[in-house]
Amino acid sequence: MEIILSAAIGVLTASGVYLLLRPRTYQVIIGLSLLSYAVNLFIFGMGRLRVNAPPVLEPGGVGDLSRFTDPVPQALVLTAIVIGFAMTALFLVVLLASRGFTGTDHVDGREQRHD
Amino acid sequence: MTNWMHHLLILPILIPLMVGAAMIPIDERNRMMKGVMGFVSTLALFVLSMVLMRIASVDGAAAGSGVYQLGNWPAPFGIVLVLDRLSALMLCLTSGLALAAQAYSIARWHTAGHHFHSLFQLLIAGLNGSFLTGDLFNLFVFFEMMLAASYGLLLHGSGPLRVKAGLHYVAINLAASSLFLIGVSLIYGATGTLNMADLSMKLATLSPDDRQMVEVGAGVLGVAFLVKAGMWPLSFWLPTAYSAATPPVAAVFAILTKVGIYVILRLSLLVFGASAGASAGFGQPILLAGGLLTIAFGAIGVLASQAMGRLAAYSVLVSSGTLLAAIGLGHPGMIAGALFYLVSSTLTIAAFFLLIELVERGRDAGADVLAVTMEAYGDADEDEEEEVVGAAIPGTMAILGLCFCLCALLLSGLPPLSGFVAKFAILGGLFGLSGTEAARAISTADWTYVTLLIISGLAAMIAMNRVGIRTFWASIENTVPRVVVIEITPVIVLLATCIFLSVQAGPAMRYMQATADSLFDPTSYTERVLMAPRAGG
């Protein structure tokens with residue numbers, strides 16, 4: 001499971017960074033989204049990977065700590081997802097405004113010349 | 001501390017948050033009402049931050065003083081707000097600056113778009129939260145709040161130029177936020193804590209493997225803050241974004257770079273201070289090198305700028321570089337001077353951003369024909385259409401010129417104003433003139449810093465001279481800008497604060513020295529936070 005998760009984070013980050021460096025605004029926004037997915041998985045992974053371990057105490061007893069997974073990273077991920085989602089939406093608006101003003105989806109607001 | 005005074009600590013976040021939210025449903029036609037609401041709120045914050053500054057500087061190191069436990073959970077488990085001299089100073093600076101920018105915006109800039117005053121209040125809430133919080137992830141949340149409001153404010157006034165600058169600004173800050181999260185989670189993964197005080201305690205006891213992971217995390221985290229602070233080479237977005245923003249926004253953005261500086265100063269001295277064992281002084285060589293390069297880059301940029309807006313934006317970089325390199329050198333004697341410089345340069349740059357638009361307004365008026373042509377190509381600045389409201393001031397050019405001269409003196413750090421005092425205090429601390437520490441050899445890095453600091457002052461002076469001559473003496477258009485009282489007053493007040501700081505440099509420096517001393521004594525901070533008793537318990 002460690003390998004699958006780390007590979008997933010790696011692939012998402014690599015694709016995200018690649019797209020972030022592309023000249024089209026749509027590519028940039030997809031790149032940022034992929035990057036934020038990778039980061040969310042990464043935060044989750046920082047709580048150590050456990051299966052079949054609940055993050056909350058069951059009612060009626062403290063129990064053995066080794067039976068529980070760390071709840072903090074899960075709370076952090078939740079916050080990060082919400083913030084990341086809002087920021088992506090905001091970026092989308094700026095992207096549309098830029099498209100409307102310049103008539104192109106190039107990040108610099110004008111096409112590069114290739115002559 | 002009595003019970004109600006304990007709750008003062010959360011007010012700098014609550015007041016702007018609630019006022020900002022309350023303004024959203026009010027119709028945009030009642031803009032003046034919103035402006036007054038915002039102004040009153042910021043004024044309250046200013047008074048409050050003065051009170052907090054007094055509390056922070058009077059109280060001893062009693063456990064729990066100046067610590068506010070959110071949800072009444074003790075420190076490593078719950079999130080805490082921590083007030084110390086540094087955060088009180090930053091709160092005061094923020095609200096003072098915001099007050100000036102807000103008064104300025106009421107004359108006309110708040111009409112250039114929607115929800116200006118709400119966004120402004122939310123920005124202040126985010127800033128205050130970042131300065132007060134004692135928890136890394138909570139810092140992220142306040143940071144994002146501040147950034148989200150700043151995106152809106154940068155785009156305020158719209159127009160192709162601002163949207164383009166805004167697009168780059170949003171993209172780079174979103175990428176930096178990802179780095180922030182990676183850094184925070186790495187630190188959490190290695191230490192199991194997000195509380196800054198707890199982190200500082202735990203670092204010395206970590207195994208070498210975990211310590212390395214914390215250092216990686218801190219490095220990644222540092223990059224996120226350095227993007228914000230504008231360290232070269234992470235600063236290419238800054239001049240364009242800052243010069244594209246509307247003047248009141250640019251003025252308040254002057255403190256946004258200082259948030260990055262604040263966090264770096266706080267974390268490097270608290271977490272990677274002398275008590276950190278093998279990690280002590282982590283990242284300082286990078287801060288030093290980056291700071292020096294930033295000063296050089298900023299100084300070159302200042303010299304190369306044609307437009308005044310860019311000149312001011314590059315001055316922001318010079319100021320950031322000076323502070324980063326001072327943190328990187330890390331001599332205890334310098335930090336007090338650096339803090340004084342932080343206050344003085346932030347006020348100066350903000351005043352300069354506000355002044356620029358007033359000065360350039362006269363020049364734009366003469367270029368009406370050009371503006372019409374430009375509009376056809378979609379390049380015109382649409383805000384120029386807005387009417388200026390209020391009474392015009394007499395002797396406009398004389399007053400503007402005088403303010404410009406003061407800005408030039410302050411930016412280049414010439415006597416007798418606070419720019420000079422600040423640089424003198426930094427250099428005095430560097431050479432050990434304060435006498436608080438033992439004499440030590442002056443290294444090459446120190447000399448480089450001294451040289452660059454002086455050259456950057458010279459560059460600022462040359463650039464300001466050139467721009468000043470072109471604007472005030474050799475101007476071919478003989479139009480006098482129409483400037484209203486409410487616009488020039490904030491500039492004068494900001495500059496007067498700088499003059500006040502130069503006159504009262506003694507008491508101010510004593511406060512800064514006490515701040516620096518407390519920063520170099522992280523145990524008093526950690527004890528205060530971790531030993532804080534629960535309320536009502």
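At 26% relative accessibility, R24(A) counts as partly exposed. Before I go on, the ground rules. This is a predicted model: local features need pLDDT of at least 70, side-chain atom pairs count only at pLDDT 80 or more, and totals for chains, interfaces and linings use all residues. Residues are numbered from 1 along each chain as its sequence is written, chains are lettered from A and ligands numbered from 1 in the order in which they are written, and side-chain values use heavy atoms, leaving out hydrogens and water.

Back to R24(A). What does D105(A) form with R24(A)? A salt bridge, with the closest N and O atoms 2.8 Å apart. The pair links distant parts of the chain, 81 residues apart. D105(A) sits in the segment after α3 (71-102) of chain A, and R24(A) in the loop between α1 (2-20) and α2 (25-46). D105(A) is also partly exposed, at 29%. By salt bridge I mean a side-chain nitrogen of Lys or Arg within 4 Å of a carboxyl oxygen of Asp or Glu. Helices here are DSSP runs of H or I, at least four residues, and strands are runs of E, at least two, numbered from the N terminus.

How many salt bridges are there over all chains? The search of the whole structure finds 4. Two of them are in chain B. K202(B) pairs with D198(B) at 3.5 Å. Both lie in helix α8 (residues 196-203), 4 residues apart, about one turn of the helix. K202(B) is partly exposed at 30%, whereas D198(B) is buried at 10%. R211(B) meets E215(B) at 3.9 Å, N to O. That pair lies in helix α9 (residues 208-229) of chain B, again 4 residues apart. E215(B) is buried, at 18%.

Now the interface. 28 residues of chain B contact 28 residues of chain A; contact means heavy atoms within 4.5 Å. The buried area is about 2400 Å², and carbon and sulfur atoms give 83% of it. That area is what two parts lose in accessible area (1.4 Å probe) on being put together, summed over both.

Residues 26-44 are 100% helix, with end C-alpha atoms 27 Å apart. Residues 75-97 are 100% helix too, with ends 34 Å apart.

Terms used: Buried < 20%, exposed > 50% of the residue type's maximum accessible area, 1.4 Å probe, protein only.
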